[in-house]
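Good morning, and thank you for making time for this presentation.

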Amino acid sequence: MRNEEIEALANNLIKKLNINKLPIPVEVIPKHLNIELQYESFDGQIDGLLYRDEDSEQYVIGVNSKHLPNRRRFTIAHEIGHFLLHHGESIYVDGGSFQVNFRDSESSKGANIEEIEANLFAAALLMPEELVKETVMKRLKNGIDFLHESEELDKIANDFKVSVQALCIRLGRLGYTF
């Protein structure tokens, strides 16, 4: 799927749910999509997972409760991206089948197209382009000086409840230069 289509999907979801202020309440979005949200203490490198059983129409996003709040928010948005964009891998258990997508330390490396797309969706959902532009204009009237504006970037990231790293990647994708 093209970047523009992923952006449009995230924006349409935000509009459909009538979300228009920061931070995006990503924790309530799964309920609107008939997805149960659960926080679990996962071992190893698992950030989260998406479980879906199409036969029973049961869908669950599991999020690693050990992670910091902003990381959990990105994981929720990432798994929503998988739910809307991908069908997942089939796993057979006790004669039944279901699909599951995992988010782990490999997800952010950009090697798997589905992970790239889910990350793009998560960024677009948590940091909608129009709200990013509006916030940057308010806080940084003379543009972004990435070398000297770290305090302001921290404040913007806090407005969106995302990491500074996620914000900087999003700003780069939106055409702000470093």
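This is a predicted model: local features need pLDDT of at least 70, side-chain atom pairs count only at pLDDT 80 or more; totals for chains, interfaces and linings use all residues.

I begin with a definition: a residue is called buried when its relative accessible area is under 20%. By that criterion strand β2 is mostly covered, with seven of its eight residues buried.

The protein chain has 178 residues, of which 43% count as buried. Its secondary structure comes to seven helices and five strands. Read from the N terminus, the order of the elements is α-α-β-β-β-α-β-β-α-α-α-α. As to contacts between residues at least 6 apart in sequence, 66% of them join residues at least 24 apart.

I turn now to strand β3, residues 58-64. Why may we call β3 largely enclosed by the rest of the structure? The reason is that six of its seven residues are buried, so the rest of the structure largely encloses this strand.

Strand β3 has two pairings to report. With strand β1, residues 36-40, β3 pairs in the parallel sense over five bridges. In β3, N64 is the residue that stands opposite E40. With strand β2, residues 46-53, the pairing of β3 is antiparallel and extends over six bridges. Here Y51 has V60 of β3 as its bridge partner. Strands β2 and β3 form a hairpin with four residues between the strands, and in this hairpin E57 takes a positive phi near 55°.

We come next to the helices. Two packed helices are described by the angle between their axes and the distance between the axes. For helix α3, residues 69-85, and helix α4, residues 113-126, the packing angle is about 120° and the axes lie 8 Å apart. Helices α3 and α4 are therefore oblique to each other. The crossing in which α3 passes α4 is right-handed. On the side of α3 the contact includes R73, F74, A77 and H78, and on the side of α4 it includes E114, E115, E117 and A118. By class, the residues of this contact of α3 with α4 are 11 nonpolar, four polar and four charged.

Helix α3 also meets α1. The axes of α1 and α3 come within 12 Å and cross at roughly 105°. These two helices, α1 and α3, are therefore roughly perpendicular to each other. Which residues make the contact? They are I6, L9 and L13 of α1, together with I80, L84 and L85 of α3. This contact of α1 with α3 has six nonpolar residues, no polar and no charged ones.

Finally, I draw your attention to helix α7, residues 164-173. Its buried residues are A166, L167, C168, R170 and L171. Against which helices do the buried residues of α7 pack? They pack against α1, α4, α5 and α6, where α1 spans 3-16, α5 spans 129-139 and α6 spans 150-160. Just after α7, G175 takes a positive phi of about 95°.

That concludes the presentation, and I welcome your remarks.

Methods:
Residues are numbered from 1 along each chain as its sequence is written. Side-chain values use heavy atoms; hydrogens and water are left out. Buried means under 20% relative accessible area, exposed over 50%, partly exposed in between (1.4 Å probe, protein chains only). Two strands pair if DSSP finds at least two bridges between them. Axes are lines fitted to C-alpha atoms, for helices over the stretch in contact, and angles run from 0 to 180 degrees between N-to-C directions. Angles under 35 degrees count as roughly parallel, over 145 as roughly antiparallel, 65 to 115 as roughly perpendicular and the rest as oblique. A crossing is left-handed if the near helix is turned anticlockwise from the far one by less than a right angle, and right-handed if clockwise. Contact means heavy atoms within 4.5 Å. Ala, Val, Leu, Ile, Met, Phe, Trp, Tyr, Cys and Pro count as nonpolar, Asp, Glu, Lys and Arg as charged, and the others, Gly among them, as polar.
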